[in-house]
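Please read the points below with the structure open beside you. They go through the parts of the model one at a time.

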Amino acid sequence: MSGKQPDWTWPEIVVAGGVQFAAGWSGTIRQSDERAIELSSLLRDANPLLANDLKFRSVGSLQRKLEDLRTAHPEYSGKKTRGGRVTAAVVEAYVQNPTLMRALAARFRAEPALLAVDADLDGEDGAIDLDAIYEDGPASAVEGAVRRRIATFRERDPKLRQRKIDHALQRNGCLACEICQFDFEAKYGALGQGYAHVHHIVPLHVTDEVVNTLDDLIVVCANCHAMIHRRRPWKTPEELVEIVSLHGSAVGP
């Protein structure tokens, strides 16, 4: 890759903010610092297709971004660098709720795929209350609309997800994974009742804003969902079914 480097993503800035937070907002982290070196390795490893470019998330670029974060802190009295609105918003979030932001940074570190510069941050299972009761409505919804909060994300409709689960239960009498047939309730009893992941067959970062129906979703177990997203390009359900069939019956999570 040559020319302009990819813009820093929100998860990358959150993780960098965690490094600066731990170091103290008044301390400069040089590119020779092991913390900058570790962070550079983390971000480059999360983007193997870009890692051949030695400038991509180099320790020099890490030092500059950490300085952007440091000088964006409200207690900094010197001349601020031009870190951008997202950087300033992340710093403000660390000031307002450091516990939450450090937890987010830890999650992004634990799931390096979320640090890919083209990652589709869905949170479609982590932020859903499966015990919530949703009001009735049509079994279709507009999804994928881009909204701006601290970061850009692709909006999902939890009601559509729940309707997919309800439809699968009514049709099949269970929530077996449509790829490997693993059933959380069969394995874990009452604890797993009504639980499954729901995957968009065509990712929203491909379709952009679109009207999705139940046919655009598939019920999967946690293992198959993780394997679909493990490497880019993401596996289609059909491709993963073939992989599972070649390696015997999956035992599930």
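1. In this predicted model, Phe184 is buried, because its relative accessible area is 8% and the cut-off for buried is under 20%. Tyr188 counts as partly exposed, at 39% relative accessibility. Both residues belong to helix 7 and sit four residues apart, about one turn of the helix. In general, residues three or four places apart on an α-helix point the same way, because the helix has 3.6 residues a turn.

2. How are the rings of Phe184 and Tyr188 arranged, stacked or edge-to-face? The structure holds eight aromatic pairs. In the pair formed by Phe184 and Tyr188, the ring centres are 6.2 Å apart and the planes meet at 25°, so the pair is stacked. The cut-off behind that word is an angle under 30 degrees. Phe184 and Tyr188 also belong to one aromatic cluster, together with Phe182 and Tyr195.

3. Gln181 lies in the loop between helix 6 (158–172) and helix 7 (184–188). The phi of Gln181 is positive, about 75°, although the residue is not a glycine. As background, most residues other than glycine have a negative phi. Gln181 is exposed, because its relative accessible area is 52% and exposed means over 50%.

4. Arg57 is another non-glycine residue to check, with a positive phi near 45°. Arg57 is found in the loop between helix 2 and helix 3. Is Arg57 buried or exposed? Its relative accessible area is 2%, so Arg57 is buried. Arg57 also lies over the face of Trp8, at 4.5 Å from the ring centre.

5. Helix 1 covers residues 10–23, which makes 14 residues. After helix 1 comes Gly24, which has a positive phi near 95°.

6. How many of the 14 residues of helix 1 are buried? Eleven of them are, so the helix is mostly covered by the under 20% cut-off. The buried residues include Trp10, Glu12, Gly17, Gly18 and Gln20. What covers the buried part of helix 1 includes helix 2 (34–45), helix 3 (59–72), helix 4 (85–96) and helix 5 (98–110).

7. Val14 is buried, with a relative accessible area of 0%. Leaving aside neighbours within four places in sequence, Val14 is in contact with Val90, Tyr94, Met101, Leu104, Ala105 and Phe108. The C-alpha atoms of Val14 and Ala106 are separated by 9.4 Å, though these two residues are 92 residues apart along the chain.

8. Which residues have the most contacts inside the largest nonpolar core? They are Val14, Leu39, Leu69, Val90 and Phe108, in a core of 27 residues. Helices 1, 2, 3, 4 and 5 each supply at least two residues of this core. The largest share, six residues, comes from helix 1. Leu39 touches Val15, Ala16, Val19, Leu62 and Arg109, not counting residues up to four places away in sequence. A second, separate core has 13 residues, among them Cys180, Ile218, Val220 and Val244.

9. Pro237 is in helix 10 (residues 237–246). At 6% relative accessibility, Pro237 counts as buried. Not counting residues up to four places away in sequence, Pro237 touches Ile179, Ile201 and Ile218. Pro237 and His200 are 37 residues apart along the chain, and their C-alpha atoms are separated by 10.0 Å.

10. Some totals complete the note. The protein has ten helices and six strands. Of its 253 residues, 40% count as buried. Among contacts with a separation of 6 or more, 64% come from residues 24 or more positions apart. The accessible surface of the protein comes to about 14,400 Å², and 52% of that surface belongs to carbon and sulfur atoms.

How values were computed: Residues are numbered from 1 along each chain as its sequence is written. This is a predicted model: local features need pLDDT of at least 70, side-chain atom pairs count only at pLDDT 80 or more; totals for chains, interfaces and linings use all residues. Side-chain values use heavy atoms; hydrogens and water are left out. The expected span of a helix is 1.5 Å times one less than its number of residues. Buried means under 20% relative accessible area, exposed over 50%, partly exposed in between (1.4 Å probe, protein chains only). Contact means heavy atoms within 4.5 Å. A nonpolar core is a set of buried Ala, Val, Leu, Ile, Met, Phe, Trp, Tyr and Cys residues joined through side-chain atoms within 4.5 Å. Rings of Phe, Tyr and Trp (its six-membered ring) pair if their centres lie within 6.5 Å; planes under 30 degrees apart count as stacked, over 60 as edge-to-face and the rest as tilted. A charge sits over a ring if NZ of Lys or CZ of Arg is within 6 Å of the ring centre and within 35 degrees of the ring normal. Accessible areas come from the Shrake-Rupley method with a 1.4 Å probe; for residues, only the protein chains shown count as cover.
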